[in-house]
Amino acid sequence: MRRRPFPWHVVVFLAPAVVIYTLFMIYPLLDSLALSLQNKPANGPQTFVGLQNYHALFTTEQWSKPFWNAFWNNVKFFLIHMLVQNPVGLLLAALLVTRIRGAWIYRTIIFTPTILSVVIIGFAWKLILNPAWGISQGILDAVGLGNLNQPWLGLESTALPTLSLISVWQNIGIPMMLFLAALIRIPDELMEAARVDGAGAWTVFWRIQFPLVLPTVGIVAVLTFVGNFNAFDLIYATQGALAGPNFASDILGTFFFRTFFGYQLQPGDPYMGATVAGVMLLIILSGVLVYLFAWQRRLQNIQF
């Protein structure tokens with residue numbers, strides 16, 4: 001039997017991309033992990049300390065308290081996206097997949113915030129929600145809810161949920177388009193057969209469309225998880241590096257920024273900053289592994 005020649009043309013074609021990805025992604029990642037295993041005394045050379053930085057991050061009050069605050073805030077940030085952004089994105093996709101007039105206009109309007117700069121989004125919403133002269137007061141007055149107006153970004157109890165919903169508003173176009181692409185691929189004959197049998201719109205969606213888009217649900221969930229635990233820019237653009245008020249909107253991204261680069265009179269510590277980045281990597285990797293081994297295995301056992 002004649003052996004097939006080795007596909008050198010594929011290697012040549014992929015080599016530039018692999019080199020660029022290794023140079024700008026893999027090498028910085030490995031270098032950051034190596035940095036997290038080292039430390040430097042005040043008057044001494046850089047030395048290898050193993051997992052001492054990770055132990056300090058989880059046990060010493062200086063690092064553990066702000067870390068766990070940022071972690072649980074990040075969990076809340078993620079859950080709001082999972083419970084609001086993705087279901088609403090699926091609902092919008094289910095509505096837009098029907099033959100309604102001007103569907104492309106609605107898709108464009110909903111997706112437009114996704115391509116805007118986060119700095120612009122953050123600055124615009126700070127103006128809108130300003131309790132002194134923002135337009136939020138006028139909008140609430142117009143619908144009879146003027147007494148609900150408050151400094152949403154200035155209260156510890158409302159800052160994080162408000163920023164989460166702003167992020168949902170900006171990014172909801174991504175799950176909507178992914179769900180829409182999955183729904184479009186479903187053959188029309190399946191829905192027509194169900195309607196002929198007397199199934200209503202809800203039954204068609206729940207019994208036919210939703211099971212067939214479950215793989216996309218998993219993809220959207222893992223993308224949401226990775227994106228939220230890498231989040232930084234919106235919090236920084238609206239609340240600054242301190243993620244106020246009183247660190248109420250602090251998440252792992254802003255905690256890493258302050259740890260690595262320092263803030264106010266607190267100097268930066270690149271070794272502990274790299275340690276925080278290493279923990280963020282482990283958290284994100286854990287979520288991806290859950291998707292690969294738990295969700296994918298569950299899908300294989302589902303009888304469509």
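The secondary structure of the protein chain, in a model that is predicted, consists of 14 helices and four strands, where helices (H or I, at least four residues) and strands (E, at least two) are DSSP runs numbered from the N terminus. Residues are numbered from 1 along each chain as its sequence is written. Local features need a pLDDT of at least 70 and side-chain atom pairs count only at pLDDT 80 or more, whereas totals for chains, interfaces and linings use all residues, and side-chain values use heavy atoms, with hydrogens and water left out.

The pLDDT, which is the predictor's confidence in each residue on a scale from 0 to 100, averages 89 over the protein chain, and 97% of the residues score at least 70.

The loop between helix 12 (233-239) and helix 13 (252-261) contains Pro245, and the peptide bond that joins Gly244 to Pro245 is cis, with omega near -5°. Most peptide bonds are trans, and most residues other than glycine have a negative phi. In the loop between helix 12 and helix 13 lies Asn246, which has a positive phi of about 55° and is exposed, with a relative accessible area of 57%. Phe247 also belongs to the loop between helix 12 and helix 13; its phi is positive, about 65°, and Phe247 is partly exposed, with a relative accessible area of 29%.

Note on methods:
Buried < 20%, exposed > 50% of the residue type's maximum accessible area, 1.4 Å probe, protein only.
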